[in-house]
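Okay, thanks for coming, everyone. Let me put the thing up on the screen and then walk you through a few spots.

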Amino acid sequence: MVAFADLSLSFLFGLSGLTEPDTSSGSLDAGNVQVRSSVCEQIASEVSSSSVVYYPGSGQYLKDNYHWSASSTQNSQCSFEPATAEDVGTALRILGETQTPFGIKSGGHAANAGFSSTSGVQIAMYSFSDVVYDSTTQTATVGTGLLWDDVYVALQPYNVSVVGAKVTGIGVGGVALGGGYSYLTNQHGLGFDNVVSFELVLPNGTVTDISDSTNPDLFFALRGGFNNYGIVTRVTVKTYPQSLVWGGRISYSQDQWDGATSAIANYWADTTDPKASIYTTYNYISGVGEVSCILFYDAPTCPDGIFDDFFSVPYIEKDIGTRSYVDLVQSLPLNLTSGLRSVFHWVAMEEVTVPMLNMVANETLFRGEQLLNSSARIVSYDVDIYLPSLYNHVDSPTAYPASRSKGYSFIEVYYGWADSEFDDTVFDVVNASAQHMIDALTEAGQDVADVPVYPNNAPPDTSLERMYGTNVPRLQAIKKAVDPDNVMGLSGGWKF
C-alpha cells in the first residue's frame, strides 16, 4: 500500500519534560539510557488493545512516519495507530492535556513540511481501512487510512466508483477534507462535493457524525478546512455507476511539443462533453524536456473527434485503450517521485490557448535549467482543463472555494529536489514562477490574479486569505466554537 524508502533516521529522544527511562524493546539507546515519551506511554495504557503505539526501532514506526515527500517526513516520539474513533478521542484528550504536538497522516502525500508529520506523536490512520458500499443509498463509507486506489479497487466489483484522486498514491483524507480534482469532476464536482457525511472526532474527544442536516456549519468547514476541527475517521460519499473507461497516457519529446500544444489548445476550445477529461504534464527531468497527456473518456469507447489531434502529430509513447478506472488512474507513475523534497503551487486559467501553453512550456524549461544546480530532479508544470461548470455539482457551500460562480482550468506546479540546503532557493523560484505566470495571463486578458489558490497545492507561505478569501472569518468562528482550547493547533497544516 505505502511505498517504503531508505531513511536516514536521526531519532529524537523525547519532548522536554515528557520522557522517562525505559528498558523494554523498541526504545533507543542514547548513552546506555533508553527513553520513551511518557505521553506515548500514557496513550498506550489508556486506549483499547486494538490500537497500537509504535516506537523508534520498529518497522511499523518507519511506515507510520514515512511520507511521499522527504521534506514532509519527520522522526516522531512515537507513532500511534488507532483502531477505533473512541481511541482517537482518548489520544486527543491526552495530547491536549499535555500540550503535545502531533501529526495526522492519511495517505502521507502532503508536501509542506509539518502538515501531516510531527516531532511529537504521529497518528497514522491505517486501521481505518474499511470500504462499505450501500446499494440502497448509492453511497460508500470509506476509512481515512486508505488510498483512493484501494477505494476504487474495492468498489470495482459493484460497477461503481467515487470522485477521488486522479493520480495514484493519494490518501482519502486530503481529498475529502481538501478538495479533490478528478477525471470525474466535470460530471460530479470536486471530491468533497460528493461527501454525504463525516465521522468526526471532535477536539474534546467526542465522536459525532457531521452532515448538512446535523451540523451545517461544521459540514461547511470540513469541506476544505482540513484538520482544524478534529480528526475525521470515515467519510460517506456518493457513488456513481462505473463501466470500463477509455484512455491512458501519450507522451511527446521536446521537439514534438508544438504539435502536442496545439492538440491541447484545440481540446480546450472544442470539448464540452463532461465525460471527457485531460491531464497534461510539461516536465523537465534531469535536463530533458517531455510532455505527457492522460486522456480520459468515461465509457469503454471514445466518440470520434475529441482526442484525434493528439494522435495526428508525432509522439514517442502511447498507452491508450479500454481499461478499468483504477488502471487509468495508475497510468501516470507518480510514485516514481517519492523520496524527493517537494513543493507545489497553483495558478488559475480562464483560457487554455497556444500562447499560454507556450508560456507554460517555456517556464518549464527555464525553471528546470535554473534549478539544475540546486539539486532539482524534476520540474513539472501540469495543465488541468475543466469545464467552467465544474463547481455547480454541490448542494451547500464549502470552505473552499469562497465563490462558485465560475470554475477554472489551472496550472499545477511541482518541483522535486534532493538537498535541504536548497529549500529557500526552490521556494523563491516557485513563488516567482507563479507570479510570472499570473502576470502573463493577466496581460493576455485573463482575470485570474485574485482567484483563490487551491489549498492542496499551495506552498507553505500562502496566506489563509489567498486560499479561502471571504470565508476566513466564518471558518475562524467555527474553529473557536468547536476547539476553544486550540487542541488542533498542536497539529500542522493551514490553521484558522
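Let's start with a question: leaving aside neighbours within four places in sequence, which residues is Tyr468 in contact with? Before I answer, a word on what you're looking at. This is a predicted model, where local features need pLDDT of at least 70 and side-chain atom pairs count only at pLDDT 80 or more, while totals for chains, interfaces and linings use all residues. Residues are numbered from 1 along each chain as its sequence is written, and side-chain values use heavy atoms, with hydrogens and water left out.

So, Tyr468: its partners are Gly224, Phe226, Ala399, Tyr400, Ala402, Pro455, Leu475, Trp494 and Phe496. Contact here means heavy atoms within 4.5 Å.

Tyr468 also shows up in the largest nonpolar core, which has 123 residues; Tyr468 is among those with the most contacts inside it, along with Tyr181, Tyr282, Phe310 and Tyr415. By nonpolar core I mean a set of buried Ala, Val, Leu, Ile, Met, Phe, Trp, Tyr and Cys residues joined through side-chain atoms within 4.5 Å. Buried is under 20% relative accessible area, exposed is over 50%, and partly exposed is in between, with a 1.4 Å probe and protein chains only. Helix α12, residues 423-443, gives this core its largest share, eight residues. There's a second, separate core too, with 25 residues, including Val39 and Cys78.

Helix α1 (residues 38-46) packs on helix α3 (residues 85-98) at about 150°, with the axes 10 Å apart. Helices are DSSP runs of H or I, at least four residues, and strands are E runs of at least two, numbered from the N terminus. The axes are lines fitted to C-alpha atoms over the stretch in contact, and angles run from 0 to 180 degrees between N-to-C directions. So α1 and α3 are roughly antiparallel, which is the word for angles over 145 degrees. On the α1 side, Val39, Gln42, Ile43 and Glu46 do the meeting; α3 brings Thr90, Ala91, Arg93, Ile94, Leu95 and Thr98.

Pro401 sits in the loop between β20 (376-385) and β21 (409-417).

Two residues have positive phi without being glycine: Ser375 at about 65° and Asn486 at about 55°. Buried or partly exposed? Ser375 is buried, at 7% relative accessible area, whereas Asn486 is partly exposed, at 39%.

Technical notes. Angles under 35 degrees count as roughly parallel, over 145 as roughly antiparallel, 65 to 115 as roughly perpendicular and the rest as oblique.
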